[in-house]
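Try each task before reading its solution.

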Amino acid sequence: MDSHQANPSNNEYSSLTEEVSQLAPLAKSGHFDELHQNDSQLAGHWKTFFDQLEPTGLADLDQKTQELNRQIRENGITYNVYADEYGPQRPWSVDLFPLIIDAPAWQEIECGVLQRARLLEAMMSDIYGEQNLLKEGLIPPALVHGHPGYLRSMHGVQPRGNKHLHIIAFDLARAPDGNWSVLSQRTQAASGLGYLLENRNLIARQFSKAYESMQIAPLANAYRDLIDSLKSQSPAGSTAHIALLTPGPYNETYFEHAYLARYLGLTLVEGSDLTVRDQHLFLKTVRGLEPVHVLLKRLDDEFLDPLELRSDSTLGVPGLLQAIRAGNVILANAPGSAFLESPALLGFLPGISERLLNEKIQLPAMDTWWCGERAALEAAIPHLETSAIKPTYPHAPGHTSYDSCLGGGLSKSQLDEWIGRITRQPEDYTVQTYIPLAQMPVWLNAFNLNDASLIAPHSYMLRVFALSHGGQGWQVLPGGLARIAASDSGIASMQRGGSSADVWVQATKQSLTETLPPQQLAKTSVQKKRLVTSRAAENLYWFGRYTERSENSLRLAKLYLESINSEYVPSKQLWHWLETLCSQYGLVPEGVPSNVDHSENRHRIFERTLIDCLDKNDHVTSVGYNLRAMKRTASNIRERLSTEQWSTINYCIENFQSACHKATAYQDFSPSLAIEGLNRANSALAAITGAQTDRMTRDDGWQLLSIGRHIERLAFLTSVLDLAVTSGLLNNPSADSSGYMALLALFDSTITFHAQHQQSRELEPLIELLVLDDENPRSLAWVSKALRARLSKLAGTERNQPDELTRSVTNLQNYSLETLCIRDGSGALINLRNCFSNCSHSAWSVSDDISARYFNLIHEIDYRVQT
């Protein structure tokens, strides 16, 4: 690389715009060039953008790229083509430069999209009403009645608010002459509304000066207007409860669902969270059934209702379509719009527009032929070599399904094969003229660059959104999602390794004024408690349990490695106690040889196995296993967690995996490296538990999270103490204090014990601190007291009038120190062991009752509709 290219801030150029002009190649022949004008100079809006990068110029763009990628990782922004429960998640890809659209170009897009939104809504009203378009032959019946996305059960149904569509996405391409064309339209569950908002937050932060000076249109008002529009049409008006229906955390765009729900203040739900009663839609919560008035769906129509659509669907809600027909819920968008997504329909829209709107299409689509008509088939065949071949009924049963392909990339024999397929089953094929996609500038990270260019032109496709506005009206979100093709690919797709870009729309002064929120008189707001679904409650409960379980297994593994690698040889009782605990809690597989006989070889086998299994999943419930289980439950409630908390969880797991890899590299099984990794993970877990304690609202969900942690802690600590007693660890602590001190270390109570009892090694002070001290958060008394308080709060009862579930938790105030320290004739601490047994039993009993009452809904709870 030349010196001026490795260091773009070199003063060889008289201005930054001249430097960019020299460094950035022109778009490839036949592509529209977003960056340059016809005279190879920067376009006006791009010149303004780069002028705002002074005085550092391009010199800090690599640093901005690194900062951008770091922010994506910390925010946990992902897009997974095939989500894997155990595999790594794919980070979202966004380019450093935004796509900038000036006001005249945007006005062309906006006018055309608004017209097309009105047209598609009018088509829905006609097709599910009088069907004049079919009667007059403006649409072939095969594209409606023959499309599996047309729902006959919804014919004649007028949706609540008299509007079928509320969100429509249009994919646009810019031709070499600079004009825009429609490639496709999405009406079922188009993705992008969340990702483009996150892109805006990321990129505007990197170029704040340019963003402010270029008068970029804001996005927030459009989202707010969409929610207000949905509420205004709903049965409950402004008090409507809106939920966002997601397929679940294994969907490739689940991050977006969680992000949108959090941003818009919606309840994120899965199909199992909802139920239909008496033709009304309800949300299952820990407090009973709560009505849902609007459902913003993020799954395709066929999965919505297993009673009327796909019977094998576990993603939908039985009876949902009947609730829609009854007018008791608004679904955005109304079911039955899938036929509008067929590419074959695009060729018929100009005539339909003149019939329904009495208007000519302002924003044209690419020339499109549906091969189901003989004339269209004969016209399309000669154009295959310069066209895209698309399925008329994508992924529809009974129809040919295939991926779209470009005729220009086919050989003569392949082209002949496609002609044969099309001729045999013409109705399944749609041919659309292909134009080279416009190209926008992309910043190439100089640290990973081998050629000369730092700025390169890449092809892109633009997705824009029409959103419901003010009842029957529409508005176009002033921005969008640009999808950038990978390298020389002619297809802009995230699934094929592409990237994305923020879309900046330059607003006129008038439009900026119109988007300013009006000044409103202060209103007294009614505080509403956040709803906690039964599914979210269960995940929060297990989030707490796996957090505590991770901490317990981590502390146990750390104690074992530190004890056997200390300068003092552990006693036989300590070895036995530690090994039994490690085996009991799954830190090593069954059958690993014990090292109680002090054999060096056998000692190494147990230790090496423990280190090797720290991050394993097979045959063990390792520290890594518990950490990943914690993350899985947390991922199911992403909308309830801050980005910092989610980032800390990822940081903890990634660093622990790296540390375990180092500790086991070259079959070394290093105890010191393993302990170092455990220490770092312990610090990260402290941050996670701190966020759970101090940065989450104390609603029912948090109460269950805390209950989960306390149940897990109570069960673990009683098991540890009981084994310490039965293994003889505390038989003679004055002579051998190693077991005594190990027990204090596992309870994280060493400092407290020394402060209260100095160097005492008697049994009574130990029992007092670890069992009866209700001010020590690691004592059985404190844990059981806190558990009773959480259960009482959840049940809504006073502490002096606990319910049956709260009373079932062992109350350590009923035990005295003298009673617990009494030994029987054989020297056994029978009362102490009975106490441990009662605590353990009550912990598991509460766990079962919690599941029955709040998750499985089989308890005798009064589970009625809330009014």
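**Exercise 1.** In this predicted model, classify the residues of helix α2 and decide how the helix sits in the structure.

*Solution.* Start with the span: helix α2 covers residues 16–23. Next, apply the cut-off: buried means under 20% relative accessible area.

**Exercise 2.** Determine whether A456 is buried or exposed, and find its contacts beyond four places in sequence.

*Solution.* Locate the residue first: A456 belongs to strand β16, residues 455–469. Its relative accessibility is 13%. The limit for buried is under 20%, so A456 counts as buried. Now list the contacts, setting aside neighbours within four places in sequence: P25, M440, P441, V442 and L444. Finally, take one of them, M440. M440 and A456 are 16 residues apart along the chain, and their C-alpha atoms are separated by 8.1 Å.

**Exercise 3.** Examine K64: which side chain of opposite charge is nearest, and what does the K64 side chain meet instead?

*Solution.* K64 lies in helix α4, residues 61–75. K64 is buried. The nearest side chain of opposite charge is D60, 4.3 Å away. A salt bridge requires a nitrogen–oxygen distance within 4 Å, so K64 has none. Turn to polar atoms next. A polar atom of the K64 side chain lies 2.6 Å from the backbone oxygen of Q206.

Notes:
Residues numbered from 1 in each chain as written. Predicted model: local features only at pLDDT ≥ 70, side-chain atom pairs only at ≥ 80, totals over all residues. Heavy atoms only, no water. Helix = DSSP H or I, 4+ residues; strand = E, 2+ residues; numbered from the N terminus. Buried < 20%, exposed > 50% of the residue type's maximum accessible area, 1.4 Å probe, protein only. Contact = heavy atoms within 4.5 Å. Lys, Arg positive; Asp, Glu negative; His and termini not counted. Polar contact = N/O pair within 3.5 Å; in protein donor to acceptor, adjacent residues only side chain to side chain.
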